[in-house]
Every structure is written in structure tokens, then in C-alpha cells.
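Here are some notes to read alongside the model. Please keep the viewer open as you go through them.

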Amino acid sequence: MDRYFGFKENGTSYRQETIAGVTTFLAMAYILFVNPLILSAAGMDPGAVFTATALAAAIGTLIMGVLAKYPIALAPGMGLNAFFAYGVVLGMGIPWETALFGVFISGLIFILITVTKIRETIINAIPAELKYAAAAGIGLFIAFIGLKNAGIIIPDPAQATIVALGDITSGAPLLAVFGVVITVIFMARGYKGGIFYGMLITAVIGMATGIAPMPEKVFGAIPSLDPTFGHLFRIEFSEVFTVSLLVVILTFLFVDFFDTAGTLYAVANQAGFVKDNKLPRADKALFADSSATSIGAILGTSTTTAYIESSAGVAAGGRTGFTSVVTAFMFVIALFFSPLLVIFMNAPAVTAPALIVVGILMSSSLSRIDWKKFEIAVPSFLTILTMPLTFSIATGIAMGFIMYPVTMVAKGKAKEVHPIMYVLFFVFILYFVYLVE
């Protein structure tokens with residue numbers, strides 16, 4: 001074990017790696033309860049999604065640790081799960097089984113472009129500003145969902161302003177506000193599992209006040225995967241060859257591709273792995289991510305991706321893949337805590353703070369956009385703004401990808417636009433045409 005993971009050469013130990021693995025798990029454990037809540041909006045069984053979430057995280061993280069040997073954990077991604085439920089299933093009317101098939105195909109394409117080295121071409125084709133804008137827009141979208149679920153933001157009864165501030169002095173909204181404050185305090189104080197701790201305290205207060213139900217027990221049998229496992233292969237082939245599903249696959253692929261690349265480089269750089277702006281074993285790390293996405297889709301969950309919360313484990317001393325092995329083991333143990341799911345499924349205000357704070361963290365990429373360049377500011381702004389306002393990540397990305405070639409050509413920079421961006425321009429034009437029809 002020592003020889004395989006290289007404890008000595010990385011200046012670490014079993015104890016240090018174990019502590020790091022547990023730290024990473026605590027920093028991202030909130031996904032076990034947030035993901036079933038979000039995907040249940042698409043009509044999926046929350047118990048099955050809970051099991052699929054834990055297994056997809058465990059399998060993906062284990063592959064990352066053993067194959068790529070990085071202290072980076074994976075789990076169903078925030079933002080992509082929201083796009084899956086609210087954008088694809090509810091927004092576009094695509095059955096969740098078909099949407100899972102789209103996730104599965106995006107994972108296979110990810111594997112293909114990783115093996116064939118096409119990923120470098122794609123990374124260079126899409127401007128960095130659009131990647132940052134997509135991340136920030138998804139952050140605002142997630143935060144908006146959290147505010148809506150908690151009743152802090154409600155539909156305007158008078159239909160004068162579309163949305164309005166809810167009664168934040170009433171039970172659920174007040175609990176969510178309390179949860180946000182507690183979570184922010186944890187995060188500001190530098191607690192690695194701040195989001196998870198904040199959610200736990202919010203749940204306890206919710207149960208004490210009667211806003212959240214009390215679970216009958218803490219430990220229980222693992223929920224069956226039967227309601228979701230393999231359902232993506234039961235769809236009609238006529239549902240596969242559609243423009244809408246093509247856009248869904250491209251969106252899943254786009255967001256996961258760059259989210260993963262950004263996370264890998266950020267965490268690896270923190271750990272000191274990046275040399276000459278290159279990440280060793282990058283192909284293996286990307287393969288772990290893409291294979292976990294396809295495996296997760298078969299199990300019954302949205303796109304599985306690398307988690308930036310892995311930086312918490314690195315900060316705690318994680319330097320090898322054994323950290324990921326420990327984190328994967330923790331997700332397996334978590335399978336037996338399914339009775340706690342009743343708290344979060346029946347009191348969305350408990351998970352709302354996690355959504356809002358994750359949204360805040362994702363919005364930090366706004367600072368990396370060059371707002372002084374109008375040709376960049378326009379597509380970036382439209383990408384960010386339209387995601388929460390249209391309740392669709394795909395629409396936001398489409399707006400940005402359509403406007404970017406337009407503004408660049410108008411600025412006289414047509415030659416600076418990669419041919420792939422012109423192709424995507426027409427693809428997303430078809431997307432809007434299809435929606436109008």
C-alpha cells in the first residue's frame with residue numbers, strides 16, 4: 001500500500017491520509033441529502049437516488065484514488081443535478097429515464113475525447129470567459145432554487161414583479177435564514193465541513209421546532225435501487241434522436257468537462273502536483289470522472305463529477321489516492337443512514353442553506369471575467385443572467401454561445417473565434433427554433 005500510493009515520497013502517512021479522507025467526506029456529505037431532494041422534483045424515487053448518489057460517489061472516488069492516485073473525490077455535481085431536474089425534465093418535458101440516457105452518453109463521449117486527446121482542442125476552442133460565466137450563472141441558479149425551496153423568494157401574488165420576498169418571519173423561511181447564517185459563520189471561521197455542519201444544526205433546530213419531521217431511527221436498511229437502476233436502457237429509441245436531447249447531452253458534457261478540468265487543476269495545484277502548468281496523470285483523472293458519470297447514470301443519478309470540496313482534504317494533509325479510498329469508504333458507510341433522508345425530503349428549508357452557500361462559492365468566478373471588453377461582457381452577462389431568470393442552465397449557455405460569435409465578428413475579431421464556436425452557434429440556434437416550435 002505504501003509503495004503503491006507513495007506515502008514516503010509524498011511526505012504523508014496512513015494516519016494523515018485517513019484524516020484527510022474523512023475531512024473531504026464531511027465537506028461534501030451534504031450531497032447525500034441535497035441530491036435526492038433535487039432529483040425527486042423530476043419524479044425520481046428519493047430513496048433510490050440516495051443509494052445511487054452514495055454508490056456513484058464511492059465508485060467514482062475509488063477509481064480516482066486507485067487509478068489516478070489523486071486525493072480528489074467525486075459525487076453527483078451541484079448545478080448539473082438542478083439542470084437535470086428543472087431544466088431537462090420539468091423545463092423541456094423530457095422523461096427522467098431519457099435524461100439519464102443523455103447523462104450516460106455524455107459520459108461515454110467524455111471518455112472518447114479523453115482517450116483520443118480531443119479534449120485539448122475543445123478546451124482551446126471555448127473562451128475562458130464563457131466557462132467562468134457558466135460557472136457563475138449556475139451558482140446563481142442554484143442559490144435561486146434554494147431561496148425558492150425555502151419560501152424566502154415566492155411568486156408575486158399580484159403578478160406585478162413576478163417574484164417577491166416571502167414571509168421570512170414564518171417557520172420554514174426563518175429556519176432557512178438561520179441555516180444560512182450558521183453555515184456562513186462556519187465557512188468564515190474556516191471549518192472544512194462548514195456546509196455539512198450548518199445543515200446538521202439546521203436540521204436539529206428544524207426538528208426541535210416541528211418544522212422538520214423527526215426520523216424514527218438513525219440507521220436502517222439501504223434503500224432499493226430498483227426504481228432507478230438501469231431505467232435509462234428502457235427508453236424508446238425514437239426519444240434518442242431529437243434536437244432537444246442533443247442539446248441536453250452537449251450541456252451535460254460542456255459543464256462537466258470544464259467543471260472537472262477546473263477542479264482537478266485547482267486541487268492538484270493546491271497539493272503541489274502541477275508542474276510547468278501540466279497535471280501528471282490528467283488523462284487517468286479525467287477517465288475516472290467520465291466513467292463515474294456513465295456508471296452513476298446506470299445507477300440512477302445525474303452527472304458525477306470532481307468536487308472542489310476535495311481541497312478540504314488536501315488542506316488536512318491528503319497527498320495520495322489513499323485519501324480518496326478513505327472518502328469512498330465513508331460514502332459506503334453513509335448508505336446505512338438513509339432514515340435521516342425523511343428530514344431533508346419533508347423540510348426543504350434544511351437543505352436550502354447548502355444550495356445558497358454553494359451558489360455563493362460558484363459565483364466567485366465572476367471576478368475572472370474581463371468586463372472591460374464589451375464583446376466579452378455581453379455574452380458573459382447574458383449567460384449568467386438568463387440561467388436563473390429562465391430557470392434553465394441550457395438556455396443560459398445557449399445565449400452565451402450564440403452572442404459570442406456575434407459580438408466578436410462585430411468587433412472585427414472574427415478570426416479569433418474558433419471554428420467549433422461557429423458550429424455551436426448554429427447548434428444552439430436550432431435549439432431555440434425547436435423550443436419555439
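1. A word on the source before anything else. This is a predicted model, so please read every value below as computed from it.

2. Let's begin with the pair α17 and α18. Helix α17 spans residues 374–390 and helix α18 spans residues 393–410; their axes come within 7 Å and cross at roughly 165 degrees. An angle over 145 degrees counts as roughly antiparallel, and the two helices are therefore roughly antiparallel to each other. The crossing in which α17 passes α18 is right-handed.

3. Which residues of α17 and α18 meet? On the α17 side they are Glu 375, Ile 376, Val 378, Pro 379, Leu 382, Thr 383, Thr 386, Met 387 and Thr 390. Their partners in α18 are Ile 393, Thr 395, Gly 396, Ile 397, Met 399, Gly 400, Met 403, Tyr 404, Thr 407 and Met 408. Sorted by class, this contact of α17 with α18 holds 11 nonpolar, seven polar and one charged residues.

4. Glu 375 deserves a visit of its own. A search of the whole structure turns up one salt bridge, and Glu 375 forms a salt bridge with Lys 413, with the closest N and O atoms 2.7 Å apart. The pair links distant parts of the chain, 38 residues apart: Glu 375 sits in helix α17, while Lys 413 sits in the loop between α18 and α19 (419–436). Is Glu 375 buried or exposed? Glu 375 has a relative accessible area of 5%, so it counts as buried.

5. Now look from the other end of that pair. Leaving aside neighbours within four places in sequence, Lys 413 is in contact with Glu 375 and Met 408. If you want a sense of distance across the model, the C-alpha atoms of Lys 413 and Pro 71 are separated by 41 Å, and these residues are 342 apart along the chain.

6. Ile 376 also belongs to helix α17. Its relative accessible area is 8%, so Ile 376 is buried. Not counting residues up to four places away in sequence, Ile 376 touches Glu 129, Ile 369, Asp 370 and Tyr 404. Tyr 404 is also one of the α18 residues in the helix contact described above. By way of contrast, Val 357 is 19 residues from Ile 376 along the chain, and their C-alpha atoms are separated by 27 Å.

7. Helix α9 (residues 171–188) and helix α16 (residues 348–362) pack at an angle of about 45 degrees, and their axes are 8 Å apart. The two helices are therefore oblique to each other, and the crossing of α9 and α16 is right-handed. From α9, the contact is made by Ala 172, Leu 175, Ala 176, Gly 179, Val 180, Thr 183, Val 184 and Met 187. From α16 come Ala 349, Val 350, Ala 352, Pro 353, Ile 356, Val 357 and Leu 361. By class, the contact of α9 with α16 has 13 nonpolar, two polar and no charged residues.

8. Ser 290 is another position to check. Ser 290 lies in helix α12 (residues 282–299) and is buried, with a relative accessible area of 0%. Ser 290 touches Gly 107, Phe 110 and Ile 111, not counting residues up to four places away in sequence.

9. Finally, two backbone angles to inspect. Most residues other than glycine have a negative phi. Lys 69 has a positive phi of about 60 degrees although it is not a glycine, and Arg 281, also not a glycine, has a positive phi of about 60 degrees. Lys 69 is in the loop between α4 (46–68) and β1 (74–76), while Arg 281 is in the loop between α11 (243–271) and α12. Lys 69 is partly exposed at 26% relative accessible area, and Arg 281 counts as partly exposed at 34%.

Definitions and conventions: Residues are numbered from 1 along each chain as its sequence is written. This is a predicted model: local features need pLDDT of at least 70, side-chain atom pairs count only at pLDDT 80 or more; totals for chains, interfaces and linings use all residues. Side-chain values use heavy atoms; hydrogens and water are left out. Axes are lines fitted to C-alpha atoms, for helices over the stretch in contact, and angles run from 0 to 180 degrees between N-to-C directions. Helices (H or I, at least four residues) and strands (E, at least two) are DSSP runs, numbered from the N terminus. Angles under 35 degrees count as roughly parallel, over 145 as roughly antiparallel, 65 to 115 as roughly perpendicular and the rest as oblique. A crossing is left-handed if the near helix is turned anticlockwise from the far one by less than a right angle, and right-handed if clockwise. Contact means heavy atoms within 4.5 Å. Ala, Val, Leu, Ile, Met, Phe, Trp, Tyr, Cys and Pro count as nonpolar, Asp, Glu, Lys and Arg as charged, and the others, Gly among them, as polar. Buried means under 20% relative accessible area, exposed over 50%, partly exposed in between (1.4 Å probe, protein chains only). A salt bridge is a side-chain nitrogen of Lys or Arg within 4 Å of a carboxyl oxygen of Asp or Glu.
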